[in-house]
Amino acid sequence: MGSYIPATGEERKAMLAALGLSSTEELFQVVPEQARVHELNLPEGLSEMEVARKVSGLAERNVRFRSVFRGAGAYRHHIPAIVKTVTSREEFVTAYTPYQAEISQGILQSIFEYQTQICELTGMDVSNASVYDGAVAAAEGCLMCMERRRNGVILAGTADPQVREVVETYCESRGVPVTVLPVSDGATSTDDLRAALSEGTACVYVQSPNYYGVLEDMDALVAAAHEAGARVVMGANPISLGLLKTPGEYGADIAVGEGQPLGMPLGFGGPYLGFMACRKELMRRLPGRIVGETVDGEGRRAFVLTLQAREQHIRREKASSNICSNEALCAMTASVYLAAVGPQGLRRVAENSAAHAHYLAGKLASVPGFALRHKGREFFHEFLTDCPVDPDMLCSRLAERGILGGLPVEGGLLWCCTELCTRNDMDELVTAIREVCAQ
Amino acid sequence: MKLLFERSRPGRCESIIPPCDVEQAQFSPSLLRAAAPRLPEIAEVDLGRHYTELASQTHGVNKGFYPLGSCTMKYNPRVNEEMAALPGFTDIHPLQPAETAQGCLEVLYETERLLCEITGMDGMTMQPAAGAHGEYTGLLLIRRYHLSRGDTARTKIIVPDSAHGTNPASATMAGFTVVSVPSNAEGGVDIEALRKAVGPDTAGLMLTNPNTVGLFDPAILDITRIVHEAGGLCYYDGANLNAVMGHARPGDMGFDCVHLNLHKTFSTPHGGGGPGCGPAGCKAFLEPFLPGPRVRKEESRFTFFQPEKSMGRVRSFCGNFLVAVKALTYILTLGREGIPEASAMAVLNANYLMKKLAGHYDMAYDTLCMHEFVMSLEKQKNELGVSAMDVAKSLLDYGIHPPTMYFPLIVHEALMVEPTETESPETLDDAAEAFLSILEQARTDAAHLHGAPHHCPIGRPDEVRAARTPVLRYDFGQK
């Protein structure tokens, strides 16, 4: 069996003797017999060699696709080598939350740098140190907007369904009523929003690019929400912000999103990164850790966890959120990624992803039955098409060729391209689709 | 040291992303951002050195002793990291068909099964991404259960005054009001106060056992019975499971649901504040309310299914999956014998270190402890003017991460010490010497302690200034 305990048998005896005990069993005498367990039904322990073989065997049971044309909340981008080497450094990996600033300046500074980069990306004033994922960021963002007489949330029906579900879970338990807007040709209609807004609306959550990849008319939606006195929580894909207008420029009050595209692998769904940023006036409502700059006794620049009066360990049941551990190493991953690619590189990732998606949409439109669903809507790197055959059948045929096709959605397929989907990959995909559909 | 932005020079090129191989997409000008984000432009060599320097200013458990109470900073095995980095896990899309991700589903299924056995629960979700998230999920199970029975009067959650701050905060998020019950002189739940607190409005109790003073509550069976008799449910905060795994199970103590911190008990690293993983488990009668999807095994195939009365998602996809891979690797390594051995040694190490310090430092409770113990510096504060903070900051100069300070709130000038099972007797002996030297210095040269640390990259930061005049991002020289 494997073990990470250094103490030898002799040492254990000596330690027990120092306590006047003869066995470790005596340390558990306080536990009532009814609550004791004397043997667990677990497999016998394994050596490192055996466990590595066993777990590697599980990894080998998964299918890795050569080409991935599926996104819908999880995006396969190129991850620069330096991102992986920096974020696997043991000092960063094996630290706890930086409570002791004097020996945690590395982590604290990296979070401060991350906060700055998120502010730059989103056009906002203040960022927190991260939350669990993009869906929880949306939920926490909505809860930040609650006022005594305004406690309703309006959700765009075009938001990612998983994000909607998490927002609904968080709102239901807080007694916050949620209204979901209808989807109007792949986007959110300003008229529908106006009709749903009321004096009780605390905020509107809109995601752009939305679940269908469509860019929403954010100027009109933000104006409508603000006219009615409601705040706007805008969800954004961080890659798109290398190119597209920011939540700050649109006048949104809070920007949230899934940070996974910034250097995190698909990882079957996690660890991912929820980013949250807001305007200065909402700063003290932000949940979670925030790092601030200060000085030490000698006037040297220093970073600390700050504005802690918002947090659970001080405020307990009155805290702005219960969050404690967040996704610090993922935040560092995003920060290294953004520094590695720089402003031009990020723009190129965004441009190439969008260019590939537009190329593929054009190619697919030439295949009978694969019409673009939301013609006339501008989209970023995802789009929905019809599918003339059973979408699941088509995807399994593509899988045989090492291709992960679009996600079956509403009878069609939701496609995604990133910079990794080269022209050759896309041409191969379209050829494969033609062949499958001809059969 | 310099910030990333202070190292940036316009025009430093990157060669990571190739030029586009198809025609650019055209967007309406109104959809484009006005100016590029001011991201740093740094050569790779300097970027690498930047983080090497940051790493040198970071203390992790793989660098040195980290007896941070209630955080279970045990050694993070390398093989776990290697397994979680396998491309067969990292490169799997969470929405690819289940038949192409059988290995991932098996990881989830097996991890859930093993953790259920360790806790005495019947079902579990891996969606929660951290302990507090798991607490929230567990409380929603309680909420859904009462509502499903039409019992809308149960709006209160009982929390001991020694509880971690996330407990009351999670209860609020789950829509409950919090009733605090006091601790008794032995550090356990005051049974009479609990009897008075329960009633038809009791939704449940949240309890950490062993509790935050490192003691197993001997009245645990009475506590859970009192809550059950009042119609409430019992929630086990697994923060301190490392003390009892393999020796006692929350399910056998009378708890109905639990959360675990895989990043504490099951050796996955904490990453400077996450990612963690906080699975929430429950007895069979609560399983229909769990978040979905869950994984089941049909003959030799693994499939997803939706629990019939699910509370809905608390996170996208299946949570921090790669963290589950690390925990699974750990549990398979330790196995049937290793799990109880780890907790036994965690408790032995804590008692050994406590014994070495007792007689010099005042222990909050004069009894055998579980995996951690709490000291009070109240006497030193009064007599020598040396606080728990001074001792903690002095430890930094010895290369030791200080214990948790000023928690739990029920002990004045508290230092909470949790050595974990992965430290050798020499490490404990050295730490004890450091603690005793500091105490000696408190008598001879208290001023030195007030000024500690003396050998860290910075001295004590001005936290008041940080909070009063918040500087939360770099200003690019535009004050």
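**Notebook: two chains, looked up piece by piece**

I started with the domains of chain A: 17 residues of domain 1 of chain A are in contact with 14 residues of domain 2 of chain A (contact means C-beta atoms, placed from the backbone, within 7 Å). In that touching side of domain 1 of chain A, α12 (328-365) and β11 (382-385) of chain A each supply at least two residues. The largest share comes from α12(A), with six residues. I sorted this side by class and got eight nonpolar, three polar and six charged residues. For my own record, nonpolar covers Ala, Val, Leu, Ile, Met, Phe, Trp, Tyr, Cys and Pro, charged covers Asp, Glu, Lys and Arg, and the others, Gly among them, are polar.

A note on the source: this is a predicted model, where local features need pLDDT of at least 70 and side-chain atom pairs count only at pLDDT 80 or more, while totals for chains, interfaces and linings use all residues. Residues are numbered from 1 along each chain as its sequence is written, and chains are lettered from A and ligands numbered from 1 in the order in which they are written.

Next I checked the domain bounds. Domain 1 of chain A is 67-71 + 342-438 and domain 2 is 81-337, as given by an automatic or database domain assignment. Their C-alpha centres lie 29 Å apart.

Then I took chain A as a whole. I find 14 helices and 14 strands; these are DSSP runs numbered from the N terminus, helices being H or I with at least four residues and strands E with at least two. Of its 439 residues, 62% are buried, meaning that 20 or more other C-beta atoms, placed from the backbone, lie within 10 Å of the residue's own. The C-alpha atoms of chain A fill a box of roughly 80 × 55 × 50 Å along the principal axes.

I moved on to a sheet in chain B. Four strands form an open, antiparallel sheet in the order β10-β11-β13-β12, where pairing takes at least two DSSP bridges between two strands. β10 (362-363) and β12 (404-405) of chain B are the edge strands, each pairing on one side only. I looked up B:M363 and found its bridge partner in β11(B) to be B:M375.

Last, I looked at where the chains meet. The contact takes 165 residues from chain B and 166 residues from chain A. Helix α10 (residues 321-357) of chain B gives the largest share of chain B's side, 23 residues. By class, that side of chain B has 93 nonpolar, 45 polar and 27 charged residues.

Terms used:
Two residues are in contact if their C-beta atoms, placed from the backbone, lie within 7 Å. A residue is buried if 20 or more other C-beta atoms lie within 10 Å of its own, exposed if 12 or fewer, and partly exposed in between; C-beta atoms are placed from the backbone.
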